[in-house]
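Biologist: I'm new to this one, so please pick a single part and walk me through it closely. What does it touch, and how is it placed?

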Amino acid sequence: MRLVPRTVYASFKVVDIVEDSAQCWAGLMGREKIRYRLTTYEVSDWRVITQVQGGFVELGIGTMVKFGGDPLREKVCPGAEELVISGDRIVMRREPCWEVPPKGMPFCPKHFNTNYGRYIRYVFGSGRPDPGNPFFKLPALVYMIYYGSSRLKVGTTIVLKGMRRFLEQPSPIASPLVIAPSIVEARKAEVGISRHRSVTQAPKQTERLSNLVSMLRDRVRWVPRAACALHSLKTHISVVLKQALSGHATEYGEPYKLISLMPVGEEIGERILMVHSVKEANRLLGGRQCTVSAAFTGLLILRCGSEAVGLPFELVRDRLIEVEELVPVGQG
């Protein structure tokens, strides 16, 4: 049986809002006190939408998977998303694809020039603005992700995806900066912010995962550090947002807005075997029967016998996976 994880869905509810301060290092000036606001969201109804032959299945907490010998294979084309008006809502409907794109290309020939294909290629810097494309007409969020290192990641996503985008990021701490009128303005802001030496659009996987477990276990200790990291970029971010968004940008600064998403499923109370590569995933998971026991931001926890394996969602998204048996939650 073949399957391809495509995207994460969930519901969110605010459970706590805390305003606090942090003492940030200010070079020769010593330390500087800054203010931040942390909003914590409870995550529910979490599931991974996974493509299988004949359609899609939802994998949630309790799903059992028996993996094939070398389960993780090549990445396949993301297919296409179509914007559909349903009553007073706009929803995205996915067209599946099993094709492996040509080397160096993100899409197969069929989906390369779809509306979704042009949008994704623009977001990743290899396409041009497409004013008639419905994806280019949607407001877009510009956000920052803190990985616990000296650098932050800047990213964008259309508002239809919203908070779900943060579930794909291997960090429990994010900061929404501004909602831009369209992805074009958001992308200008993203590129401008990423020019700072402390910011990147695509950090290496080792950088993204190095502090993840520690941050998940003790978020309180890391939140002030994230606020200080944002504060060090205050002037740069303010200038870029004003240039990229003209009159649409609001003033950027204190209190710095941080969000955190609560985990789903069992708590992290033991050692996790963190997966960093396809080769490592195949070594740890090949031929084994595992159960999805928890989900954290950017990380699936698989219970494989007595071991807990941490599988980054970004490693399996759009990747072909060979399994011998799949029992979605509620069907056992």
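Modeller: Let's take helix α3, starting with its contact with α7: Glu 185, Lys 188, Ala 189, Gly 192 and Ile 193 in α3 meet His 236, Ile 237, Val 240, Leu 241, Ala 244 and Leu 245 in α7 (contact is heavy atoms within 4.5 Å). This is a predicted model, where local features need pLDDT of at least 70 and side-chain atom pairs count only at 80 or more, while totals for chains, interfaces and linings use all residues. Numbering runs from 1 along each chain as its sequence is written, and side-chain values use heavy atoms, leaving out hydrogens and water.

The axes of α3 and α7 lie 9 Å apart at an angle of about 150°, so the two are roughly antiparallel (over 145 degrees; under 35 is roughly parallel).

Now for α1, residues 115–123: α1 and α3 (183–194) pack at about 20°, axes 10 Å apart. That makes α1 roughly parallel to α3. Here Tyr 119, Tyr 122 and Val 123 of α1 meet Ile 183, Val 184, Arg 187 and Glu 190 of α3.

Among the buried ones are Ala 186, Arg 187, Glu 190 and Ser 194. Their cover includes α1, α7 (234–245) and the strands β7 (140–146), β8 (152–158), β9 (173–180) and β10 (199–200); helices (H or I, at least four residues) and strands (E, at least two) are DSSP runs, numbered from the N terminus.

Finally, the length of α3: at 1.5 Å a residue, its 12 residues should span 16 Å, and its end C-alpha atoms are 16 Å apart, which agrees (the expected span is 1.5 Å times one less than the number of residues).

Notes. Axes are lines fitted to C-alpha atoms, for helices over the stretch in contact, and angles run from 0 to 180 degrees between N-to-C directions. Angles under 35 degrees count as roughly parallel, over 145 as roughly antiparallel, 65 to 115 as roughly perpendicular and the rest as oblique. Buried means under 20% relative accessible area, exposed over 50%, partly exposed in between (1.4 Å probe, protein chains only).
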